[in-house]
Amino acid sequence: MNAPTRNNREALAVLILAALLVLVLALWTLDRVRDRDTVATGTAVSTGEVIHWKLVTTWPKNLPGLGHTPEVFADMVRELSAGRLDIRVYGAGEIVPAFEVFDAVSSGVAEMGHGASYYWKGKIPSAVFFTAVPFGMTAQEMNGWLHYGGGMELWEEVYAPSGIVPLAGGSTGVQMAGWFNREINSLEDVRGLRMRIPGLAGEVFSGAGGEAVRIPGGEIYTALQTGVIDAVEWVGPYNDLALGLHEIAEYYYYPGWHEPGAMLEFTVNQKALASLPEDLQAIVRHASRAANQDMLDEFTARNNRALREMIEVHGVKLRRLPDEVLEALYAGSQQAMAKLVADDPVAAKVQQSFAAFLRDVRAYHEISEQGYINARRQVMGELISP
Ligand code: CA
């Protein structure tokens with residue numbers, strides 16, 4: 001008689017324990033969904049709930065231009081989602097240092113990042129194509145290749161193993177060749193110069209006799225001021241004025257052979273993106289596309305005034321790189337490209353698409369964009385002579 005009673009009690013205790021376990025699990029799940037401090041792991045979020053994301057950048061917080069775009073993007077997402085997706089932007093070093101942004105997004109420390117793909121060329125050689133390669137495409141051409149020429153699909157393929165979805169994150173347009181403290185009249189003047197210049201262009205510069213150094217934007221000023229480096233390329237008049245580079249270098253060179261249309265990137269943790277309801281995923285994609293164009297518009301509007309201020313107020317000396325130097329840098333670029341594609345089959349695949357698009361678009365742009373700009377200068381006169 002006693003045995004069945006004991007069994008019943010034991011069964012009841014097991015049932016109560018199981019019910020408690022289910023309750024605890026339910027409360028824990030509810031808490032996880034409510035307080036999303038970490039990356040979501042595939043759970044769909046119900047409509048109307050506020051989701052908090054972190055966006056880490058490779059720029060100093062609130063840097064004009066490059067640092068403005070992720071803020072523009074976050075504002076757009078907030079507005080379009082009626083506040084349901086709240087993205088907070090962090091400057092370099094606030095959560096992770098500039099050059100750890102890619103890993104932070106890959107591992108889910110942050111849901112999103114903003115930076116430049118060529119910073120990751122040490123681990124992903126083919127990534128250089130999605131920012132800029134020497135003598136490559138302009139901003140307009142890059143946008144055409146990425147969004148209508150197969151470039152975006154290749155970029156997604158390149159980042160997929162890292163669990164990252166890339167999105168175009170704004171273009172600076174043609175950059176400046178950079179800041180020097182002595183005139184560059186021949187290739188001889190490049191020899192021995194330590195210059196901050198990232199990407200494939202850095203290898204080209206080293207091949208031409210200089211020494212390329214990789215330094216994030218926030219550390220450039222001090223590095224040049226203290227003589228750790230002799231020369232620097234950053235972006236163009238608007239962003240370079242904001243960093244104060246005119247205070248510590250005398251000569252400002254053009255054209256930006258190394259970055260004719262530097263494309264920035266938004267990186268999104270793939271699982272975090274997939275965990276969003278479909279409408280928020282669409283908002284992230286469309287807002288990034290709008291922020292991408294917004295950066296180019298801002299630089300186009302502000303570069304001219306900044307250049308005038310540098311020359312007229314700060315006495316900056318504007319110079320054009322001599323043909324001899326440009327030709328040597330082009331020859332070096334071809335060698336660096338040949339080595340890149342020989343060493344990395346993925347880079348070879350991306351290069352094939354990039355080069356084919358560039359060949360086609362050049363043929364048209366020589367008679368359209370370039371044809372028009374040349375004609376305008378011919379009839380209206382030159383404003384800046386080499
Ligand atoms: Ca640059």
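Start by selecting Gly151, Leu154 and Val158 in helix H5: they meet Val346, Val350 and Ser353 in helix H12. Residues count as in contact if their C-beta atoms, placed from the backbone, lie within 7 Å. Helices (H or I, at least four residues) and strands (E, at least two) are DSSP runs, numbered from the N terminus. The residues of this contact divide into 4 nonpolar, 2 polar and no charged. Here Ala, Val, Leu, Ile, Met, Phe, Trp, Tyr, Cys and Pro count as nonpolar, Asp, Glu, Lys and Arg as charged, and the others, Gly among them, as polar.

Before moving on, note that this is a predicted model: local features need pLDDT of at least 70, side-chain atom pairs count only at pLDDT 80 or more, and totals for chains, interfaces and linings use all residues. Residues are numbered from 1 along each chain as its sequence is written.

**Stop 1: the helix pair**

Select residues 151-159 for H5 and 345-367 for H12. Their axes lie 10 Å apart, at an angle of about 170 degrees. Axes are lines fitted to C-alpha atoms, for helices over the stretch in contact, and angles run from 0 to 180 degrees between N-to-C directions. H5 and H12 are therefore roughly antiparallel, a term for angles over 145 degrees.

**Stop 2: the whole chain**

Zoom out. The protein chain has 13 helices and 11 strands. Of its 386 residues, 43% are buried. Buried means that 20 or more other C-beta atoms lie within 10 Å of a residue's own; exposed means 12 or fewer, and partly exposed is in between, with C-beta atoms placed from the backbone. Take the contacts between residues at least 6 apart in sequence: 78% join residues at least 24 apart.

**Stop 3: the core**

Which residues have the most contacts inside the largest nonpolar core? Select Leu55, Val77, Ile87, Met112, Met195, Val232 and Val268. This core has 104 residues. A nonpolar core is a set of buried Ala, Val, Leu, Ile, Met, Phe, Trp, Tyr and Cys residues joined through C-beta atoms within 7 Å.

Now pick Val232. Leaving out residues up to four places away in sequence, Val232 touches Gly178, Trp179, Met195, Arg196, Ile220, Leu224 and Leu245.

**Stop 4: strand S10**

Select residues 263-269, strand S10: 7 of its 7 residues are buried. Both faces are covered. Met263, Glu265, Thr267 and Asn269 lie on one side, with Leu264, Phe266 and Val268 on the other.

Next, show the neighbours. Two strands pair if DSSP finds at least two bridges between them. Strand S3 (residues 112-115) runs antiparallel to S10, joined by 4 bridges. His114 has Phe266 as its bridge partner. Strand S4 (residues 164-171) is also antiparallel to S10, with 6 bridges. Ser171 is partnered by Met263.

**Stop 5: the open sheet**

Follow the order S7-S6-S8-S5-S9-S11: these 6 strands form an open sheet with mixed pairing. The edge strands, S7 (211-213) and S11 (317-320), each pair on one side only. Inspect S5 (residues 178-180) and S9 (residues 251-254), which run antiparallel and share 3 bridges. Trp179 stands opposite Tyr252 in S9.

Is H6 mostly covered or uncovered? Mostly covered: 7 of its 9 residues are buried, including Leu200, Val204 and Phe205. The buried residues of H6 pack against S6, S7 and helix H11 (323-343). After H6 comes Gly209, with a positive phi near 110 degrees.

**Stop 6: strands S1 and S2**

Select residues 51-57. This is S1, and 5 of its 7 residues are buried, so S1 is largely enclosed by the rest of the structure. S1 runs parallel to S2 (residues 85-90), joined by 6 bridges. Val56 has Tyr90 in S2 as its bridge partner.

**Stop 7**

Select Tyr254 and Pro255: a cis peptide bond joins them, with omega about 0 degrees. Pro255 lies in the loop between S9 and S10.

Go to Asn62, in the loop between S1 and helix H2 (68-80). Its phi is positive, near 65 degrees, in a residue other than glycine. Asn62 is exposed, with 11 other C-beta atoms within 10 Å.

Finish at Ala82, in the loop between H2 and S2. Ala82 is not a glycine, yet has a positive phi of about 55 degrees. Ala82 is exposed, with 10 other C-beta atoms within 10 Å.

Key
Two residues are in contact if their C-beta atoms, placed from the backbone, lie within 7 Å. Angles under 35 degrees count as roughly parallel, over 145 as roughly antiparallel, 65 to 115 as roughly perpendicular and the rest as oblique.
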